[in-house]
Amino acid sequence: VSLATSIAGVSLSSCLYNASGPLCTTAEELDAIGNSEAGAILSKSATLEKRAGNPEPRYFETPWGSINSMGLPNEGFQYYLDYASRAEAFAKPYIMSISGLSHQDNVDMIKALAGQKHIAAIELNLSCPNVPGKPQTGYDFEQSRALLQRVFEHVSLPLGVKLPPYFDLPHFDMMAAVLNDYPLAFVTCVNSIGNGLVIDPESESVVIKPKSGFGGIGGDFIKPTALANVRKFYTLLNKDIAIIGCGGVKSGLDAFEHILCGASAVQIGTQFMREGTTCFSRIARELGEIMQQKGYADITSFQGKLRSLD
Ligand SMILES: CC(C)(C)CCc1c(C(=O)O)[nH]c(=O)[nH]c1=O
């Protein structure tokens with residue numbers, strides 16, 4: 001069986017790779033992904049300048065998932081651009097995630113990426129902050145349109161967006177109406193579920209320091225939301241916009257479910273943070289076994305073929 005797939009002409013040896021965020025901030029971490037069975041290398045969302053991020057503890061794991069309020073710690077845009085030539089050593093695509101602190105920063109970074117031949121694609125993080133006090137860009141449909149309008153005036157590389165999870169069905173329609181107006185290579189569904197709260201009843205305290213303990217939720221807990229977002233956008237978006245699944249993937253079966261909902265590739269975040277790079281070879285093996293048992297030769301044999309009960 002083959003796990004190979006291609007997104008906007010970018011060919012991935014495996015449809016499994018890392019989610020932006022965990023263990024992809026330094027060159028050493030990115031090299032470890034390059035040396036693993038991950039089908040691509042995706043960097044931590046970059047801002048123009050290097051950032052220390054929020055005070056620790058800013059990440060915490062529970063049996064059902066993770067909570068984080070990292071605050072965009074990263075080495076800065078130029079570092080991840082410079083890494084691109086180093087990524088050439090690995091026979092897999094290098095994808096840069098960007099999350100500017102303003103729309104202008106996003107445009108400036110995208111202009112600087114023009115013609116960069118060692119970068120396979122850009123993942124624009126729409127959970128990027130916008131005007132303080134206003135919703136994040138991904139939850140402000142006019143701001144999303146305004147940003148994509150400016151981005152597509154300057155972008156030359158394949159570009160996709162990382163979407164926050166949506167919950168109210170009209171929101172899917174409203175966001176799909178924006179996304180379908182632009183030649184996106186992909187959308188990645190989903191980012192963490194925002195502003196959850198995990199507490200320790202023994203110490204009667206929150207578990208992370210920033211934002212009074214509020215943080216993005218990842219892991220097992222968010223899989224139903226992630227699958228719903230993958231499925232909904234798969235049915236609503238132009239067929240030339242690939243869906244990348246992200247959220248609650250810790251086994252081959254979880255990856256199989258995302259692909260059944262319509263994902264062309266699957267990202268692994270919380271489980272990668274827990275297990276390290278062995279998760280890519282383990283989940284790929286498990287997915288291959290499931291496909292073998294079911295008689296599927298490749299991803300497209302079952303991609304998007306989720307059955308309804310009517
Ligand atoms: C939440 C933001 C800091 C605005 C963006 C970066 C980010 C972070 C982070 O760096 O805190 N964590 C997530 O789970 N998703 C994200 O997109």
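Tutor: In this predicted model, the shell around the ligand consists, by class, of three nonpolar, seven polar and one charged residues. The residues that surround the ligand are K44, N68, S69, M70, G71, L72, N125, S127, P129, N191 and S192. For N125, an N or O atom of the side chain is 2.9 Å from a ligand oxygen. As for how much of the ligand is covered, it would expose 390 Å² if taken alone, and the protein buries 76% of that.

S45 sits in the loop between strand 4 (41-42) and strand 5 (59-62), and its relative accessible area is 4%, so S45 counts as buried, the cut-off being under 20%. Leaving aside residues up to four places away in sequence, S45 touches S20, L72, N74, S97, I98, S99 and N125, and L72 and N125 are among the residues that also surround the ligand.

Let us now turn to the aromatic rings. A search of the whole structure finds 13 aromatic pairs. One of them joins F172 and F233, whose ring centres are 5.5 Å apart and whose planes stand at 65°, so this pair is edge-to-face. F172 belongs to helix 5 (residues 169-179) and F233 to helix 6 (residues 223-236), so the pair ties together parts that are 61 residues apart in sequence. F172 is buried at 3% relative accessibility, and F233 is buried with a relative accessible area of 0%. Another aromatic pair, F256 with Y296, is stacked, with 6.4 Å from centre to centre and 25° between the planes. Here F256 lies in helix 7 (residues 252-261) while Y296 lies in the segment after helix 9 (278-294), so this pair ties together parts 40 residues apart in sequence. F256 is buried, with a relative accessible area of 6%, whereas Y296, at 25% relative accessibility, counts as partly exposed. Finally, F172 and F233 also take part in one aromatic cluster, which they form together with Y139, F141 and Y166.

Methods: Residues are numbered from 1 along each chain as its sequence is written. This is a predicted model: local features need pLDDT of at least 70, side-chain atom pairs count only at pLDDT 80 or more; totals for chains, interfaces and linings use all residues. Side-chain values use heavy atoms; hydrogens and water are left out. A residue is near a molecule or strand if one of its heavy atoms lies within 4 Å of it. A polar contact is a pair of N or O atoms within 3.5 Å; within protein, one must be able to donate a hydrogen and the other to accept it, and residues adjacent in sequence count only if both atoms are side-chain atoms. Accessible areas come from the Shrake-Rupley method with a 1.4 Å probe; for residues, only the protein chains shown count as cover. Ala, Val, Leu, Ile, Met, Phe, Trp, Tyr, Cys and Pro count as nonpolar, Asp, Glu, Lys and Arg as charged, and the others, Gly among them, as polar. Helices (H or I, at least four residues) and strands (E, at least two) are DSSP runs, numbered from the N terminus. Buried means under 20% relative accessible area, exposed over 50%, partly exposed in between (1.4 Å probe, protein chains only). Contact means heavy atoms within 4.5 Å. Rings of Phe, Tyr and Trp (its six-membered ring) pair if their centres lie within 6.5 Å; planes under 30 degrees apart count as stacked, over 60 as edge-to-face and the rest as tilted.
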